[in-house]
Every structure is written in structure tokens, then in C-alpha cells.
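Here is a protein with a ligand, ready for a guided walk. Keep the picture open and follow along.

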Amino acid sequence: MTKIISNLDVTKLVVDNPIGKDNPPLLSVHLSTHDDQPLPTQHLLQSSDFEVNWENKLTDSQLDKLVDSGWLIIDNVFEQKALLALQAESGFIKYRDAQLTAGIRISDIRGDKIRWITKDFFAGFYYLQSINALATLFNQSLFTGIRHSEAHYAYYPVGFGYQWHSDNPAGRDERVISAVFYLNDEWTPSDGGTLEIVDKYGVHHNVMPVANRLVIFDSDLQHQVQIAHRQRYSIATWMRRDGLVPFIEDII
Ligand SMILES: O=C(O)CCC(=O)C(=O)O
Ligand SMILES: [Fe+2]
């Protein structure tokens, strides 16, 4: 007879109480406390994994470009660990249909599905803290007057994009700077999903949504997301000049 070697704590299994929700199998390895061996430690994700030295990443000429033409790109933003955590988190979320400002959804205009990042998120919340540090740098060097940031994970199914718009609806100006962080590995031009921005001089720029790239632009600039031919994952982020606003999802 084959001997079954298992980590299950058989003493906890009783015949009249089969394994189920109330009686889960104990799968942990029982480590002897008498061992001289230190317990294996697992490095949990922490906010320092998301720390970015923004001053090093952004040269003065890049800051000038942001002021002058209204946009810039930063590549290789995070270390591998933080990027992987964001990618993993983006894949597990239950996305909801994004709404237009009027509260209606017209998927021909906007086809993304989103989830606002709250403190209940792990990687996403650390991401937001890092963005706040970037906002502080903008406030110090460009006097942008940003008071807080908001962000949502976004997922564009195949065949969807987001037509021309600015991130401040008519008559509004709370959003100062928009930033989009991309999560897809190995994105190629044939995958579509390009972000097209019109800069302050009226020049069009195409930005490929490649992983670990942050594109930053004046929230008043017109931009669109071309139709994606592959599932497209990102974090859309806004640095705002108004105070904290509650998330709609938290209220309902
Ligand atoms: O994902 C992008 O490249 C841009 C998204 C966007 O424009 C938005 O969510 O307002
Ligand atoms: Fe936008």
C-alpha cells in the first residue's frame, strides 16, 4: 500500500465532521520551536516597495516640457516587485462599468471598466501614496496647488477605447494633472490602445501603453484611447486642487 505523506494534521479530522467550510484541512507545516533554524520569513509588500525618487526620475528639462507643452513620459517607474503587485492586483479586481460625467454609459464613447482605489486596496493604495509624493514635487517646483490624488484601475476589453475628451468636464477645473500608469507586458503597435494626446501647441502624440510607463499631462488637454485589440490594463490617476471627495462607490 502506498504511504501517503501529508502535512494535514490528522488528529483534527474526525469522521463525523467531514472537511468543509467549518472544518478546513490544516495545511500549514508544523515547525518545531526547538529548532535552531530561524522561522522562514516572508517579505510582505510594504509602502517602501513603492517609493520612487521622483527628483531623480524627473530632470529639469522634463519639468520644463510639462510646463511648456503640457505632457511628459516617465518609463521604468517602479521596481519589479511593485510592478508585479500592481499587475496582479489589476487582474483580480471586480471591475464595474465606467460612467460618463452625466452618469450614463455610452460604451461607444467610453468602453473601459473601472474600480476606484480606496484604502482597502493593497498595491493600488501604495501606488497612490507614491503619486502623492510626485504631486508634492510638482507643488514645490511648479506651484501646482494639488491637494490630493485619486485613481482607478481601468480595464478596456478588446474592441473598446475612449473617444476624444479632456479630464475636466466643461466649466470644471478641479483636476490639475492627469497621469496614467500602464500594466500590460509586451504591448506592441498592432495591439492598438494607443493614447493620443494633443499638446499645448496642437501637436498630436501617440503613447503606447507599455508596462511600467507613467504618462503625465495637463488635465485640460484633449486625448483619446484608440480601440484596443488586446485586453488593456492601466491606472488612471488625477491630481486635484480641491479637498478630499468621497468615492461614489463608498456611499452606495
Ligand atoms: O488609459 C489611457 O491611456 C487614458 C485614459 C483616460 O483618458 C481616462 O481615463 O480619462
Ligand atoms: Fe482621460
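The paragraphs below go from the whole chain to its sheets, then to the ligand and a few single residues.

Start with where this comes from: it is a predicted model. The mean pLDDT of the protein is 83. Of its residues, 77% reach 70 or more. For the complex, the predictor gives an ipTM of 0.99 and a pTM of 0.81.

Some parts call for care. Over residues 1–32, pLDDT stays under 50. The model has 12 contacts beyond four places in sequence for that stretch. Residues 248–252 also stay under 50. For them the model has 3 such contacts, again beyond four places in sequence. Where pLDDT is low, the predicted coordinates should not be read in detail.

Now take the overall plan. The protein has 252 residues. It contains 5 helices and 11 strands. Of the residues, 29% count as buried. Look also at which parts of the chain meet. Take the contacts with a separation of 6 or more: residues 24 or more positions apart account for 75% of them.

Next, the sheets. One open sheet has 7 strands. Read across it and the order is β1-β9-β6-β11-β4-β3-β2, with antiparallel pairing. Its edges are β1 (71–74) and β2 (96–97), and each of these pairs on one side only.

Find β6, residues 175–182, in that sheet. Is this strand mostly covered or mostly open? It is mostly covered: 8 of its 8 residues are buried. On one side, 7 bridges join β6 to β11, and the two run antiparallel. Within this pairing, F181 has I235 of β11 as its bridge partner. Strand β9, residues 214–218, also pairs with β6, in the antiparallel sense, over 5 bridges. There, S178 stands opposite F217 of β9.

Move along to β3 and β4. Strand β3 covers residues 113–116, and β4 covers residues 148–156. They pair in the antiparallel sense over 4 bridges. One facing pair to look for is W116 and H152, the latter in β4.

A second open sheet has 4 strands. Its order is β5-β10-β7-β8, and the pairing is antiparallel. The edge strands are β5 (162–165) and β8 (204–207), each pairing on one side only. Neighbouring strands of this sheet are turned by 10° against each other on average, direction ignored. Look at β7, residues 195–198: 4 bridges join it to β8, and the two run antiparallel. Here V198 stands opposite H204 in β8.

Now turn to the ligand. Which residues surround ligand 1? They are A154, Y162, D167, V180, L195, P209, H223, V225, S234 and A236. Two strands, β10 (223–225) and β11 (232–240), each supply at least two residues of this shell. By type, the shell divides into 7 nonpolar, 2 polar and 1 charged.

Finish with some single residues. K81 sits in helix α3, residues 80–92. Why is K81 called partly exposed? It has 14 other C-beta atoms within 10 Å. That count falls between the two limits, because a residue is exposed at 12 or fewer and buried at 20 or more. K81 and D49 are 32 residues apart along the chain, and their C-alpha atoms are separated by 7.1 Å.

E55 is in helix α1, residues 54–57. E55 counts as exposed because it has 12 C-beta neighbours inside 10 Å. E55 and D173 are 118 residues apart along the chain, with 27 Å between their C-alpha atoms.

Two loop residues close the walk. F143 lies in the loop between α4 (123–142) and β4. Its phi is near 50°, a positive value in a residue other than glycine. F143 is exposed because it has 8 other C-beta atoms within 10 Å. E186 lies in the loop between β6 and β7. The phi of E186 is near 50°, again a positive value in a residue other than glycine. E186 counts as exposed because it has 8 C-beta neighbours inside 10 Å.

How values were computed. Residues are numbered from 1 along each chain as its sequence is written. Chains are lettered from A and ligands numbered from 1 in the order in which they are written. This is a predicted model: local features need pLDDT of at least 70, side-chain atom pairs count only at pLDDT 80 or more; totals for chains, interfaces and linings use all residues. Two strands pair if DSSP finds at least two bridges between them. pLDDT is the predictor's confidence in each residue, from 0 to 100. Two residues are in contact if their C-beta atoms, placed from the backbone, lie within 7 Å. A residue is near a molecule or strand if its C-beta atom, placed from the backbone, lies within 6 Å of it. Ala, Val, Leu, Ile, Met, Phe, Trp, Tyr, Cys and Pro count as nonpolar, Asp, Glu, Lys and Arg as charged, and the others, Gly among them, as polar. Axes are lines fitted to C-alpha atoms, for helices over the stretch in contact, and angles run from 0 to 180 degrees between N-to-C directions.
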